[in-house]
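Hello,

Here is the structure I promised to pass on. Have a look first, and then read my notes below.

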Amino acid sequence: MFAYDFMRNAFLASTFIAITCGTVGVYVVARNFSFLAHTLSEIGFAGAAFAVWLGIGSLWGMLLFTLLGSISVGELSLHSEQKESSISAISALFTGLGVLFLAISGVNSNYATNILFGSIIGVDKQGVVQLVLLSVIVLLMIFSIQKALNFDSFDHIGALAHGVKSGWVSLIFLIALAMSVSIGAQIVGSLLVFILLTLPPATANYLGKTIGAMIAWSIFFALIGVWLGLYLGFLTNLPVTFFIAVIEVAIYLITYFTHVIKRSL
Amino acid sequence: MSEILNVNNLTMRFDKKTVFKDLNFKLEEGSMTALLGPNGTGKTTLINILMKMFPPTAGSFKFAADVRLGYVPQFRNLDAEYPLSIAAFTGLNAPLIKSKKVKDIINKQLKETNLYDIRNTRMGEASGGQKQRAYLAQALLDNPNVIILDEATASLDPMAKEELMQLIEHLNEKHNITVLFVTHDVPLATKYMQNYLYLNHQQIAQGRMADFKEEYE
Ligand SMILES: Nc1ncnc2c1ncn2[C@@H]1O[C@H](COP(=O)(O)OP(=O)(O)OP(=O)(O)O)[C@@H](O)[C@H]1O
Ligand SMILES: [Mg+2]
């Protein structure tokens, strides 16, 4: 399998993406931002479609839209009383825009499928370099604010009581999240990128009792999902995204039920 | 004994609602003071101002120069699924990658607060009393010499209340930590605190706990 260039590229890129999404996801779950990851997926779809219409790489359109989207939705969700409905409204608008951009740019439906469901097998050398670079930037951003981010995400009230600059932490995290959505979408597609950002960390929540352990578990499950998914996709010629989704959901459900059973004993 | 806090004509208004007006009081170093008063009279607001979380409308306050504040807020929102262990929760107030020295400090506070043996219990599964002690341990990590607790005993059973109060008393006696303790529990305050501050009708009264007889109205 590794005899093929495209498989080597795909493995390298998805390894970095899994590490990034696994790490960022722990904070997504701790901050109760799962809904935001979901909305950003849809915003990312519109961004990719916008890029197609402009004739630039879909990654850049996604980055642009998710950055704008995450900051505005993030602010909205912090301050608005009507959090859920305003976010539904935004995601409806962006999904609509995505459909419009795709229609007016007149690309074939194959391309739309790639945006929605991922196309890691098609990633070239330059694409890999971009994805790895962006992953490293996200990880550095998280690392540089780790103390405040940990405190604010896992004990917001305690962090405030301690004078942690929660506004800055939140802004930097939203930027890191937007970038993670954009790069994660390159493997699993914009429709399902929230899987990588929510399921491995949600599973890790049942297994780790420290932030370090949770991040390690989360990365581990994200890696299992993408590696196994790529391998099975290669073997069967079925979509990689399908396998990743099934694997992550299966791991989550097994862990969840084990937890429930243990608890009732 | 020297003065550790001096509050001068402190006034707080939200929009048109005046919470309190022209408060004046002092706290002595090493003292134990109960902050009493009916719901909504501004106890938490007063503390938030002292913690510099927002500025007062008017007036001023001054802590002694060498003061290190520890604060345990009134509400925390940790649900039953909250994943972190007591030790990890306490250590949130420290870098993720912990040196031996930092680990030793965390362990020392866990022992001090009687949590060391259950340090690997998840916070979500800890009892109310254990949670309160963990909040306190987290605040103690900064090595404060003044500690402010906002209704720390409100949801605890009598045993857990006594345990927490004895811990606070121990911190005061052994480490000379000045305590400001917000509560509605007058008997508990009478048992453990020397002084009171009573906040009501926008005013504050100060005195010895043994003489406290104001009625809640
Ligand atoms: N950010 C705010 N904006 C507007 N009003 C506020 C704000 N914070 C507090 N208040 C009001 O100030 C008053 C004092 O509230 P505070 O929480 O300080 O009371 P408290 O004495 O701590 O009450 P409790 O015993 O219930 O904890 C209340 O009437 C409250 O509604
Ligand atoms: Mg209060």
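Buried area here is the accessible area (1.4 Å probe) that two parts lose on being put together, summed over both. By that definition, chain B and chain A bury about 2100 Å² between them, with 58% of it on carbon and sulfur atoms.

Before the rest, some background: this is a predicted model, where local features need pLDDT of at least 70 and side-chain atom pairs count only at pLDDT 80 or more, while totals for chains, interfaces and linings use all residues. Residues are numbered from 1 along each chain as its sequence is written, chains are lettered from A and ligands numbered from 1 in the order in which they are written, and side-chain values use heavy atoms, leaving out hydrogens and water.

Back to the interface. Chain B brings 28 residues to the contact and chain A brings 23, where contact means heavy atoms within 4.5 Å. Between the two chains there are 3 salt bridges (a side-chain nitrogen of Lys or Arg within 4 Å of a carboxyl oxygen of Asp or Glu). Arg263(A) and Glu81(B) form a salt bridge, their closest N and O atoms lying 3.6 Å apart. On the side of chain B that touches chain A, the residues are 18 nonpolar, 5 polar and 5 charged (nonpolar: Ala, Val, Leu, Ile, Met, Phe, Trp, Tyr, Cys and Pro; charged: Asp, Glu, Lys and Arg; polar: the others, Gly among them).

The lining of the largest pocket divides into 13 nonpolar, 10 polar and 9 charged residues, and that of the second largest pocket into 8 nonpolar, 10 polar and 1 charged. A pocket is an open set of points on a 1 Å grid over the protein atoms alone, where a 1.4 Å probe fits, with protein on both sides within 12 Å along at least five of seven lines; lining residues have an atom within 4 Å of a point.

Best wishes
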